[in-house]
Amino acid sequence: ELNGSSSQPSAFLMMGIPGLEALHPWISIPFCALYLTALLGNCVILFVIRRTPSLHEPMYYFLSMLALTDLGLALCTLPTTLGLFWFGARRIAFDACLTQMCLIHILSFIESSVLLAMAFDRFVAISRPLRHAAILTRATVLRIGLAIVLRGTVSLLPIPFLLRRLTYCGRTELSHSFCFHPDVMNLACADIKVNVFYGMVVLLSTVGMDFIFIVLSYVLIIRTVLSLTTREECLKALNTCVSHICAVLVFFIPMIALSMIHRFGKSLPPLVNTLVAYTYLIIPPALNPVIYSIKSTHIRQALLRALCRQRG
């Protein structure tokens with residue numbers, strides 16, 4: 001259905017998992033488990049850090065930012081994904097779709113920047129351990145957090161206006177159970193060169209640059225670690241980075257794969273596109289709190305103390 005004045009669809013139709021529509025109620029079970037893990041896990045991380053003064057350090061401030069971002073990503077896609085799987089609710093209004101799309105992309109860019117900030121924190125902690133607290137003060141961490149949010153928001157502001165100017169005719173079926181910029185853009189029957197160019201520039205200047213600087217940070221970290229005198233010191237220093245490395249891989253590998261599929265993978269089966277998209281948006285929020293809870297001794301101990309206080 002098109003609005004006569006603007007040639008914009010009144011709504012889009014979301015897609016679940018192609019070819020498995022009859023199994024959507026059963027497929028919703030692992031999705032529910034992942035969403036529940038993401039919501040509870042990240043809330044627990046935030047609660048533990050908030051209630052434990054010994055965790056009021058730069059590393060855990062950035063971890064709190066990551067947990068908040070993961071919560072936002074999970075909450076963005078949960079209503080439409082479970083609504084489709086449970087009730088077959090495929091319809092999403094045009095404005096609601098643009099809002100969801102902006103939130104997903106902004107939070108993705110914020111997560112990428114937070115992972116870069118965490119890499120910088122690990123580099124400072126390993127290379128300048130005595131000056132770590134002086135370099136990354138609470139005020140500095142707060143300014144970094146504000147800069148990250150502003151960067152992600154400002155980068156995405158033109159996207160809804162670029163999509164609104166397009167003419168849509170006929171096709172209204174999305175590839176996912178949520179709105180994604182390349183997906184919406186490809187439904188237009190107008191020239192989308194500006195959208196493609198701007199989207200590529202924003203992606204490369206934000207997520208692309210973040211990934212390059214994260215890799216550079218770890219090159220410098222490895223150089224610093226190799227200069228340490230004993231093997232035990234090397235392993236101890238690297239051990240502090242394992243959780244962060246896992247979080248980086250879990251976030252960037254599906255994101256890069258999804259971007260490549262949207263631009264160059266038109267011949268791939270729709271199921272591949274769908275599975276990669278769900279991996280990108282649902283797996284990191286669910287796995288990050290598990291990774292940090294398992295790997296961080298301080299968080300495990302703080303969580304156990306909190307549980308003991310509750311029982312007492």
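**Figure 1. Residues 141–163, a stretch that UniProt lists as a "transmembrane region".** The chain here is 96% helix and 0% strand. Its end C-alpha atoms lie 35 Å apart. Helices (H or I, at least four residues) and strands (E, at least two) are DSSP runs, numbered from the N terminus. The model is predicted: local features need pLDDT of at least 70, side-chain atom pairs count only at pLDDT 80 or more, and totals for chains, interfaces and linings use all residues. Residues are numbered from 1 along each chain as its sequence is written, and side-chain values use heavy atoms, with hydrogens and water left out.

**Figure 2. Residues 98–120, another stretch under that UniProt feature.** Positions follow the numbering used here, feature names are shortened, and annotations may be inferred rather than shown by experiment.

**Figure 3. Packing of helix α1 (residues 24–51) against helix α2 (residues 58–87).** The axes are 9 Å apart, at an angle of about 155°. That makes α1 roughly antiparallel to α2. (Angles under 35 degrees count as roughly parallel, over 145 as roughly antiparallel, 65 to 115 as roughly perpendicular and the rest as oblique.) Axes are lines fitted to C-alpha atoms, for helices over the stretch in contact; angles run from 0 to 180 degrees between N-to-C directions. The crossing is left-handed, meaning that the near helix is turned anticlockwise from the far one by less than a right angle. The contact of α1 with α2 has 23 nonpolar, six polar and one charged residues. (Ala, Val, Leu, Ile, Met, Phe, Trp, Tyr, Cys and Pro count as nonpolar; Asp, Glu, Lys and Arg as charged; the others, Gly among them, as polar.)

**Figure 4. Helix α3 (residues 94–127) with helices α8 (residues 193–226) and α10 (residues 242–264).** The axes of α3 and α8 come within 9 Å and cross at roughly 20°. These two helices are therefore roughly parallel. Their crossing is left-handed. The contact of α3 with α8 holds 15 nonpolar, six polar and two charged residues. With α10, α3 packs at about 150°, axes 11 Å apart. That makes α3 roughly antiparallel to α10. This crossing, too, is left-handed.

**Figure 5. The kink in helix α11 (residues 270–295).** A kink of about 40° lies at I283, shortly before the proline P284. (The bend at a residue is the angle between axes fitted to the seven residues ending there and the seven starting there.)

Notes:
The expected span of a helix is 1.5 Å times one less than its number of residues.
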